[in-house]
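Trainee: Hi! Could you walk me through this one?
Mentor: Happy to, let's open it up.
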Amino acid sequence: MTASCDQDDESSMKAAAGGKGRASAMDSPRTLLSVLLRLEDAYGWRLLGILAFAQWVVKGVVWGFNLTAMDFLLRDYAVPGPKMQVYKAIAMLPWAMKPLFGLLSDYFPIMGYRKAPYIIIVTLVAVAAYSTIGLTAFKGLPVKGAVLSLLFGCMQSSVVDLLTEARYAEKIRERPESGPDLMTYVWGGITVGNLFATGSVGVIIERWGSAAVYSIIALPAATMLLPTCLGWLEESPMRAEEASTVRSRLWEQKELVVLVLLTGMATIAMVLVGLLQDSIFVNLAVALIASVIVISAFLALLRPIISLMNCFFFIQTCCAVDISGASFYFFTNDSVQYPDGPHFSRMFFASGLGVCVSALNLVGMYLYNRYMQHWRYHGMFIFANTLLCLVHLASLMVYTRSNVALGMPDEFFVLGAWGAVGVASMWMWLPGVVMLSHLCPSGVEATMYALLAGCHNLGMSVASYLGACLLETLEVAPRGAPAEQKEFENLWVAGLVSAVLPMLTMLLLPWMIPNARQTESLLKPGSSAIAGSPWQRWTGGLEEDDPG
């Protein structure tokens, strides 16, 4: 479930909120056609067209296919469970590099353009990467070559997402009254695209294999070239003096630039170390060192309320230790590989479970919006974390096969457990998004949001590395080999650690998270992101209540 806050742009959401006086598409009996005509009148058909390609097709369909098929591709390479997690974390690191991509596009326009050339470059690279996997996987392409290709595919989704978000955020600021309708247009399309990908990927994998998925998605990935080359971004070339002004303005926020560069360098270091050597413990050591440097910089350079919130969510994300590499084999091994296992088919695991969890995520979102959006942060986080812990503890029954002993079929048990995890995870994620929206100072919303989301994604990578080392220590390293039931004997122990460890972060709540209601503002109007930071205090800069 990667519907993380890392993939949204807070500036657009704030601007959209400015139009709350006018009903959104979901609050009115207006027809879909009338909403589309209204959006076309407000923003133009070119913006709607490029958002359909970028958000619906690339972020919804292409990324949905890529993410779901990734496990099966690595399984077909016989990658052990712990190493699978490391490779997946590497492939998804471009999401943590969004701040760096944004800085590069702003600081180094190509022929005066800050968006279109970068979209064209990453799209061409992604199409080549997907085609390489589809045509040469298992036929000479080494596993690390496949991982690098997956990374390039992810890079397209990340860059296209970032740069088109920036474009529609600009448009929403010009016409905020139609902002809610545009956000519905974007996220409705992403949801439908993800559901389409999740629902159909299992059939493709079952019939033609995991590599075929990447041959297929090369085509929709390439469609991003059409609206970009036709100028649907409506981007005007910058003159040299304009580019110089933009660079000067960027360096006025030097603390944020430093954080962007540190986050980017930490991510690049993790990619290189992961691809150039094979020890998962070395990967973890590098990730921890990089994370300590990045988090320390956040604590030193940002306003305390922002840096402490970011530190809390980073620690909590790291504590959600990922054991999906081993559990994937546990559920999908056949009767030869694991005689006592659930033996889920590829179609059921990829599509059946995926669609069910996606649907229940929407239920969780509805219940949150209906009943929980006025709760205080402490109560919300304690409730959601406790519920998630209890659900994960109950899920251990499947690893010990206790559910079968009690007469509960694996399919129904896992559908219920994973659905409950999806709902509880949504109740943890949404308050974090709300808090982040309150802690993005005006004028630097996009940069700050990208930074905080990038840091969150860095934490997800650390959680994958921690889980990989835990599995290796417990000697849980399945790879789809015949009669490997012994590999799963200690999987329940890893599951127990993964369930309980996030609860320890609740001890940090009083010191790191304000116990305000989710509807209350956390920063004064005009507040600076850096005022009152340790660095500002040491250098005699802005005090915490000074506007910036």
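Trainee: What is S395 in contact with, leaving aside its neighbours within four places in sequence?
Mentor: S395 is in contact with F413 and A417; contact means heavy atoms within 4.5 Å. Keep in mind that this is a predicted model, where local features need pLDDT of at least 70, side-chain atom pairs count only at pLDDT 80 or more, and totals for chains, interfaces and linings use all residues. Residues are numbered from 1 along each chain as its sequence is written, and side-chain values use heavy atoms, with hydrogens and water left out.
Trainee: Where is S395 found?
Mentor: In helix 17; helices here are DSSP runs of H or I with at least four residues, numbered from the N terminus.
Trainee: And is S395 buried or exposed?
Mentor: S395 is buried, because its relative accessible area is 12%. The cut-offs are under 20% for buried, over 50% for exposed and partly exposed in between, with a 1.4 Å probe and protein chains only.
Trainee: New topic: how many aromatic pairs does a search of the whole structure find?
Mentor: It finds 29. Rings of Phe, Tyr and Trp (its six-membered ring) pair if their centres lie within 6.5 Å; planes under 30 degrees apart are stacked, over 60 edge-to-face, and the rest tilted. F313 and F381 have ring centres 5.6 Å apart and planes at 70 degrees, so they are edge-to-face.
Trainee: Which helices hold F313 and F381?
Mentor: F313 sits in helix 14 (residues 304-319) and F381 in helix 17 (residues 377-400), so the pair links distant parts of the chain, 68 residues apart. F381 is buried at 1% relative accessibility.

Technical notes. Helix = DSSP H or I, 4+ residues; strand = E, 2+ residues; numbered from the N terminus.
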